[in-house]
Amino acid sequence: GVVDTINITKLDRLYRSVLDGARFIRLCKNNQTYIEAIDEGISTKENNTSNLQINLLLAIADYERECISNRTLQGKKSTYDEGKRAHGNIPIGYKKVGSKLVIDSPKAEIVKDIFNTYIKLKSLSKVKNHLIDKGYKTQNNKAFSRKSIYNIIKNPTYISEVFYKGSKKVGNHLPIIGKYHYTRANNLLCK
C-alpha cells in the first residue's frame with residue numbers, strides 16, 4: 001500500500017543530519033506523503049511553512065548533536081588528563097570506588113595467573129583450559145574465551161597506563177602486572 005502520512009513524536013528521531021532530513025522530506029513530497037511531528041505540532045499536510053519549521057528544527061538538532069559530541073570528547077580528554085580511564089567497561093581485576101579504579105584482589109589474582117600461565121604455556125587455548133579447570137569466570141560470570149584472554153593480555157590498564165587518541169600516560173590507578181611481564185606476554189602474542 002501507499003503511505004499517506006508518517007506520524008512521529010519528534011523530528012530529530014527520524015533522521016540524523018540536515019542533509020538526510022532534506023532528502024527524506026523531498027522523497028515524501030515526491031510521493032505525496034505527509035509528515036506529522038506530534039511533539040512539535042508540525043504537519044506538512046497543512047501548509048508550506050511547515051517545511052521551513054522542519055528545516056530549522058533539523059538544523060538545531062544537528063547543532064545539538066555536535067555540541068553533545070564535543071562535550072563528550074572534552075570530557076574524555078579531561079578524564080585522560082587526570083590519569084583516569086576515559087571509556088569502556090572496568091577490566092577484570094579492578095573495581096570502581098567513586099571515580100577511581102582500585103584493585104579487586106581476588107580478581108587481580110586471576111589476571112596475574114593469566115599472564116604467568118600465558119608466558120609459561122605460550123598458548124591462549126591452554127590458558128583458557130587452565131582457567132576452566134580452576135573454575136575462573138569473567139566479570140560477566142562466563143567462561144573465559146581465547147579472545148577475552150587476548151584482550152586482557154593486550155590491555156595497558158594492567159600496567160597503569162591510560163590512552164586517549166593515540167597518546168598514553170601513567171594512570172592514577174595501581175598496576176596489577178609489572179611492565180616486564182606485560183611486555184613479555186605481548187611479545188609472545190606477536191609471534
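Trainee: Which residues does Asp113 touch, not counting residues up to four places away in sequence?

Mentor: This is a predicted model, in which local features need pLDDT of at least 70 and side-chain atom pairs count only at pLDDT 80 or more, while totals for chains, interfaces and linings use all residues. Residues are numbered from 1 along each chain as its sequence is written, and side-chain values use heavy atoms, with hydrogens and water left out. Leaving aside residues up to four places away in sequence, Asp113 touches (heavy atoms within 4.5 Å) His130, Leu131, Lys134 and Tyr136.

Trainee: Is Asp113 buried or exposed?

Mentor: Asp113 is found in helix α3; helices (H or I, at least four residues) and strands (E, at least two) are DSSP runs, numbered from the N terminus. Buried means under 20% relative accessible area, exposed over 50%, and partly exposed in between (1.4 Å probe, protein chains only). The value for Asp113 is 14%, so Asp113 is buried.

Trainee: How many degrees around the axis do the buried residues of α4 cover?

Mentor: In helix α4 (residues 124–134), the buried residues are Leu124, Val127 and Leu131. They lie on the same side of α4, because their arc, taken from the directions from the helix axis to the C-beta atoms, is only 60 degrees.

Trainee: Which helices do these buried residues of α4 pack against?

Mentor: Leu131 is one of the buried residues of α4, and Leu131 also touches Asp113. As a set, the buried residues of α4 pack against α3 (105–121), α5 (146–154) and α6 (179–190).

Trainee: Which strands stand at the edges of the open sheet?

Mentor: The open sheet has three strands in the order β1-β2-β3, with mixed pairing; two strands pair if DSSP finds at least two bridges between them. β1 and β2 (residues 34–37) are parallel over four bridges, with Thr5 opposite Tyr34. Two strands have a single partner each, so one side of each lacks a neighbour in the sheet: β1 (5–8) and β3 (42–43).

Trainee: Which residue takes a positive phi in the hairpin of β4 and β5?

Mentor: β4 (residues 94–97) and β5 (residues 100–103) run antiparallel and are joined by four bridges. Tyr94 stands opposite Ile103. Two residues lie between the strands, and the positive phi, near 65 degrees, belongs to Gly98.
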